[in-house]
Each structure stands twice: as structure tokens, then as C-alpha cells.
Amino acid sequence: MSKPQFVYVTYIETTPEQLWEALTSSRFTKQYWFGAEVRSDWKVGSPFALLLDGETTDSGVILEADPPRRLSYSFKHQKYEELRGEPISRVVFTLEPFGSLTRLTVLHDGFVEGGKYLGAVSNGWPAILSGLKSLLERGQVLAIPRAALNKGFDAK
Amino acid sequence: MNLDQFKPLTVYTIYIASTPEKVWEALTSAEFSRQYFFGNTVEVEPRLGGAFIVRTPDGALHISGEVLAYDPPRKLSVTFNVNWPELIEKLGPTLVTYEIEPAGDAVRLTMSESHDRPLSDDILAGGRSGWPAILSGLKSLLETGKAPQIKMAPPAQMLAALKAMGIKTP
């Protein structure tokens, strides 16, 4: 049995520098991350927070920051009671030049077997990262309802 | 072939600014697939039990199979057997299912690669490296009119694992 984790790879017509900017700037994340803003100074050991309408939904600490190659932060859900009991998870972004493209690998791990959080995360990332790819390639995100993020976890 | 024995071992979901009809066409037509599927062409006989074929850019047979579910523009399920000597005997058949659903003004495309037996991560590395490249290209093609040229060789750990099982690779 493999350990519970989520891995997603996508190829984007952009540079690692622009992709790094899109992952670390609220101006970008608000557009493709369903309104969410990222807050951090992106230095190892500094706090990280994800905010929706000014409220912190997830928070953690920067674990690795090697622009424009690798970014990692811990990730703990704060908003929904059902998910607050889950352990602290980890997100790792790896950015690699691939011809004229950049290959982005997102690894999200540190889940418990049979927990609810992995299901929520597995449904969320493809929608977020599809929007990120569209934004960088065509300057426009996708019109996907936020409900697409919650498939597999019915947020109250 | 008992379909109940097949379990999805690799699943990839991608959202595309397009319509289900256009995504269906991109998945099933030779001229679209040539642009995003490493130059390979897909041919689908549009009926249950029809032939499913993928040819390399030089026209050689690369993948062959049979249409098991045909419900345009919602669901296509095919056997997807790579034409390498001994592969199907040693690994069993591969089943690929595309599900296409509207999601707001976009389309959610889910690809599931299923097998009738457990397979190692090394063997599955082929699909796990190929599908994200193929489906990233399909999304770009439909959204921007241009598919990026993604070139990749089969992963070394997959080729080594196949060789160890006595499967001949090109």
C-alpha cells in the first residue's frame, strides 16, 4: 500500500520565474486559487497563510524556498471543524524548465490513512492548477464554480 | 474480459476552457491528437466493439484496443494495449476511460488508467509521466489553438522493469 499523498504534474508555456511569481503573489493567486490570497515573505522559517475574504483558511511555515526551483510549506487547515483535527500536511512545488515550457510538480503529503483531507485536496488541486495554467498561457482563468473544489468533501 | 476486476491505478483530472463536444473531438480525432499526443494519431471506430488504434508519426501501429463504452460527449472507454511483444501476456490488458463533465463554463476531463492486477510503480511510471504531458497539451491546444511540443522518452525505470519481465521494448 502506498502512503497517502497527492501528486500532480502539469506543463505550462511559461518561465520558471513567472511561475514562481504566480505561486507566491496574491495578485495571481486571487485569480486562479478561487479568490484565495497567499501571505508570506517566502523565507525559510517564516509563517505562511492562505486567506479567503480576509479570513485565514490554512496556515503553516515555509520549509524550503529556492526561487525559481523549489518551494515548500507546511499546511494546516483552520476553517472547517471537520478538517481541523487532521495532522499538519506539507506542500512541495518543483519547477523545472522543459524545452520552451516549465514542468510543475505539486506534491501534497503528510495525510492520515482514511482521513477526509486528502479527498478534499485531491479534488482541489486539479482545478487550481488548471486555472493557473490557463492564466499563464492565455491571460485568463477558467470559469469553474468553487463547488468544484469541494467534490469529495461537503463543506458546510 | 471481466471489467469488474479492473481498478484505476492512475487518475488524472484537468479542467479545460472548452465544450464537452470539442474535448470529445480532440480525444478521438487523428488531426487533433497528432498535435498533442507526441505526434501519434488516434483512430476510433464510433461504436461499441469498434476498433481503437493509435499510430506513431510514421504510421506504425503503437496501441490497439476495442471500444467498451461509447457515449459522446460524456464517456469513452477503450482497451489501450501497447503493441510491444509479450506486454499484454505479462501485464494484462490496459483500460483507459475518459469522462467529460461540464464544470461551470469549463469542462472537467478525467482520465483513468485501469488494470486487472496490481502493477509496480515502475511499470505505472510510463502512464504517470505520459498522461500529464498529453493532457496538458490537449488543454493548451483547445484553449490557445497551439499545442506545445513536449518531447519525452519512456521513463528508464519502466523500461528496466519491462525488460526484467521479458517484455521487449523498441
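Visitor: Where does A:Pro68 sit?
Guide: A:Pro68 is in the loop between β4 (55-66) and β5 of chain A. Helices (H or I, at least four residues) and strands (E, at least two) are DSSP runs, numbered from the N terminus.

Visitor: Before going on, what kind of model is this, and what pLDDT do features need?
Guide: This is a predicted model: local features need pLDDT of at least 70, side-chain atom pairs count only at pLDDT 80 or more, and totals for chains, interfaces and linings use all residues. Residues are numbered from 1 along each chain as its sequence is written, while chains are lettered from A and ligands numbered from 1 in the order in which they are written.

Visitor: Back to A:Pro68. Is its bond to A:Pro67 cis or trans?
Guide: The bond joining A:Pro67 and A:Pro68 is cis, with omega about -5 degrees. Chain B has a cis peptide bond from B:Pro72 to B:Pro73, with omega near -5 degrees. B:Pro73 lies in the loop between β4 and β5 (75-79) of chain B.

Visitor: What is the C-alpha separation of B:Pro73 and B:Lys22?
Guide: The separation is 8.5 Å, though these residues are 51 apart along the chain. B:Lys22 belongs to helix α1 (residues 20-28) of chain B.

Visitor: Is B:Lys22 exposed or partly exposed?
Guide: Partly exposed, because 16 other C-beta atoms lie within 10 Å. A residue is buried if 20 or more other C-beta atoms lie within 10 Å of its own, exposed if 12 or fewer, and partly exposed in between; C-beta atoms are placed from the backbone.

Visitor: New topic. How many helices and strands does chain B have?
Guide: Five helices and eight strands. Along the sequence the pattern reads β-α-α-β-β-β-β-β-α-β-β-α-α.

Visitor: What about the radius of gyration of chain B?
Guide: Chain B has 15 Å, which agrees with the value near 15 Å for a compact globule of 170 residues. The radius is taken over C-alpha atoms; the globule rule is 2.2 Å times the number of residues to the power 0.38. Buried residues make up 36% of the 170 residues in chain B.

Visitor: Which way do β2 and β3 of chain B run?
Guide: Antiparallel, with four bridges joining β2 (residues 41-44) to β3 of chain B. Strands pair if DSSP finds at least two bridges between them. B:Val42 stands opposite B:Val54. This hairpin has six residues between its strands, and B:Gly49 in the turn has a positive phi of about 80 degrees.

Visitor: And on to β4?
Guide: β3 and β4 (residues 61-71) of chain B pair antiparallel over five bridges. B:Gly65 is the bridge partner of B:Phe52. Five residues lie between these strands, and B:Gly59 takes a positive phi near 95 degrees.

Visitor: Which residues are on the covered face of β3 in chain B?
Guide: B:Phe52 and B:Val54. The uncovered face has B:Ala51, B:Ile53 and B:Arg55.

Visitor: Which residues of helix α1 in chain A are buried?
Guide: A:Leu19, A:Trp20, A:Ala22 and A:Leu23, in a helix of residues 16-24. They are on the same side of α1 of chain A, because they cover an arc of only 160 degrees around the axis. The arc is that of the directions from the helix axis to the C-beta atoms.

Visitor: How many residues are in the largest nonpolar core?
Guide: It has 63 residues; A:Leu19, B:Tyr15, B:Ile16, B:Val23 and B:Leu109 have the most contacts inside it. Such a core is a set of buried Ala, Val, Leu, Ile, Met, Phe, Trp, Tyr and Cys residues joined through C-beta atoms within 7 Å. Helix α4 (residues 121-144) of chain B gives the largest share, six residues.

Visitor: How many residues of each chain are in the contact?
Guide: 19 residues from chain A and 19 residues from chain B. Two residues are in contact if their C-beta atoms, placed from the backbone, lie within 7 Å. On the side of chain A that touches chain B, the largest share, seven residues, comes from α4 of chain A.
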